[in-house]
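Thanks, everyone. Let's take a quick walk through this one. Have the structure open as I talk.

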Amino acid sequence: MATSHHHTDQSTQSTDQNLRRVRFMSDLQADRFGGQMIEPGHADYEVARRTVFATGAPAYVVRPDDVGDVRAAVRFARDAALPLSIRGGGHSFSGFGTNDGGLVIDLGGLDSVRILDLDRRLVRIGGGATWGTVAAALSEHNLAISSGDTRSVGVGGLTLAGGIGWKVRKYGLALDALVGAEVVLASGEVVHASAEDHSDLFWALRGGGGSFGVVTAFDFAAHTTTEVFHGKVTFPAREAETVLTGWSDYLRAAPDDLTSLVNLANPMTGGPQAPVEVHVTFDSDDADRAAEALEPIRRLGTVLDDDITLRPYADTLVDGAAPPPGLQFVLRSAFVDEESVPDVLRVLAESSTSNGAPVVGVRSLGGAVSRVPEGATAYPYRQAELLVVSVTAGPAPVVEAARPALDAMWSRLGPSVHGAYANFLSTAGEEALAAVYPAATHERLAQVKRCYDPANLFSRNHNVRPASPTDAHPHPGRDADSPYESAAEAWASSPSTNASTPGR
Ligand SMILES: Cc1cc2nc3c(=O)[nH]c(=O)nc-3n(C[C@H](O)[C@H](O)[C@H](O)COP(=O)(O)OP(=O)(O)OC[C@H]3O[C@@H](n4cnc5c(N)ncnc54)[C@H](O)[C@@H]3O)c2cc1C
């Protein structure tokens, strides 16, 4: 009896699944979706469900070919009340680019880089492009956009939350170079956002992350670039405190051409005994000026190694590693204002040379970042002088064992740091959200959200919820008999939307 009941359940389930599959295909095709559709069982599914740091079990992954396909996919997710993930380059440390039981829109096919106007250096970049593709395409025209340090990282995720790269002190964040965006809204409508059109949306896109719509194209004002001096100078671990202090004092008044970060406790070169690495980019090919600007860096301590050379800007970017599934990554970050710099550097120097030290990076900001008025974009921490990032990675037991040292370091830093950089965070709960957006920024974002995504369709991100619900029904457009509903409800009620998401 029990067995036959079980069979009935199974066959009902597979009939439901088949029904859903047929509806999925036909609904999307009816809306003229022309891209790739991937479900469990499809040859590409195993790859499509994984991002760099998370493995999900989405019901469907779609790979649009154009903006029309993105519209169809967004309308489909909304009408079917499916949880929705937008995937750009797939490098979110919070695992935003996949989910369980929902739809993933993988923008990887939208990776074109077009020069719109060479004289004005205007370029249009597809919403799923990666920075390696961009750097290579722009270098042919001696152009660049200050982005991040890794080729495989997406233009989408990095730009929408900031973008701190090798030219950040000279040209600002990646989002500071953005002049417009083509956006598919939750309504399915396509709008162009810029300082003139939908300026509230344009403000929110520059720092507010993926909460407001799918950006199918980014318009940037690129800058001209020459070759640049780039590399690192290393010093003994025992000199960490003097090197860090001298470095931050110098960077405070250094030319904007110089951008720099310091890495401590690199596990590949000795962990707590690892040399202090001072990485630099001097954004010019003028050897005399570079030598002059780099001289104070070379005098910070006992130089162990110095590999700074002149190279094309595109060659400063490195390939991203693809960690095997199952490894956990815990990333924490916070900003430091000038008056707290000495206290923070003392704690970092001490903890990075103790056993069990987390890997720590300290990025120097200031320069062009700090000259954009506070509130001009939704990136809130313009005046911070430094950004501290810690990375703890490994199999779960290793990460657990490292937690006490990590927590101890951050609790010592606590009184001297504030906020967090959304792109260097592996958590996404209320505490993370409050650190990413101070109250005033959050409030303004929530107003924009209410206008453009009142039902919070775009929620797999550091999610700003709409200011106040305009409609009690969470999904106004959905079909009451939707065959997709059960998947959505299962997802919504599951305790963890993605068991392998790190850092939760
Ligand atoms: C190896 C490595 C190096 C890094 N280096 C740097 C660095 O030097 N500087 C720095 O600032 N950051 C850096 N980062 C952090 C990086 O900015 C974030 O991980 C960012 O989220 C990656 O964007 P993505 O598009 O690849 O990620 P995804 O996981 O694809 O996207 C993350 C989220 O962004 C949103 N999103 C992405 N594209 C779109 C779009 N077109 N429209 C709407 N929403 C979108 C969605 O909410 C999406 O879920 C690095 C990360 C890694 C893993």
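Start with helix H9, residues 287-298. Four of its residues are buried: Ala290, Ala293, Leu294 and Ile297. Look down the axis of H9. The buried residues fall within an arc of 90°, so they line one face of the helix. Now the face turned away from that buried side. There H9 carries Asp288, Glu292 and Glu295, which are exposed. And what do the buried residues of H9 pack against? Three strands: S12 (228-235), S13 (258-264) and S14 (276-282). Keep in mind that this is a predicted model.

Next, the core. The largest nonpolar core has 140 residues. Which of them touch the most other members? Ala73, Leu103, Leu348 and Val388 do. Take Ala73. Set aside its neighbours within four places in sequence. Ala73 is then in contact with Phe33, Val62, Pro64, Leu103 and Ile105.

Now the ligand. How many residues surround it? The count is 36, and the closest are Gly89, Gly154, Gly156, Gly157 and Gly210. By class, the shell has 22 polar, eleven nonpolar and three charged residues.

Where does the shell come from? Strand S3 (84-87), helix H5 (155-161) and strand S10 (214-221) each supply at least two residues. H5 gives the most, with four. At the domain level, at least three shell residues come from domain 1 (26-108 + 475-493), and at least three from domain 2 (109-224).

That's the tour.

Key
Residues are numbered from 1 along each chain as its sequence is written. This is a predicted model: local features need pLDDT of at least 70, side-chain atom pairs count only at pLDDT 80 or more; totals for chains, interfaces and linings use all residues. A residue is near a molecule or strand if its C-beta atom, placed from the backbone, lies within 6 Å of it. Ala, Val, Leu, Ile, Met, Phe, Trp, Tyr, Cys and Pro count as nonpolar, Asp, Glu, Lys and Arg as charged, and the others, Gly among them, as polar. Domain bounds come from an automatic or database domain assignment. A nonpolar core is a set of buried Ala, Val, Leu, Ile, Met, Phe, Trp, Tyr and Cys residues joined through C-beta atoms within 7 Å. A residue is buried if 20 or more other C-beta atoms lie within 10 Å of its own, exposed if 12 or fewer, and partly exposed in between; C-beta atoms are placed from the backbone. Two residues are in contact if their C-beta atoms, placed from the backbone, lie within 7 Å. The arc is that of the directions from the helix axis to the C-beta atoms.
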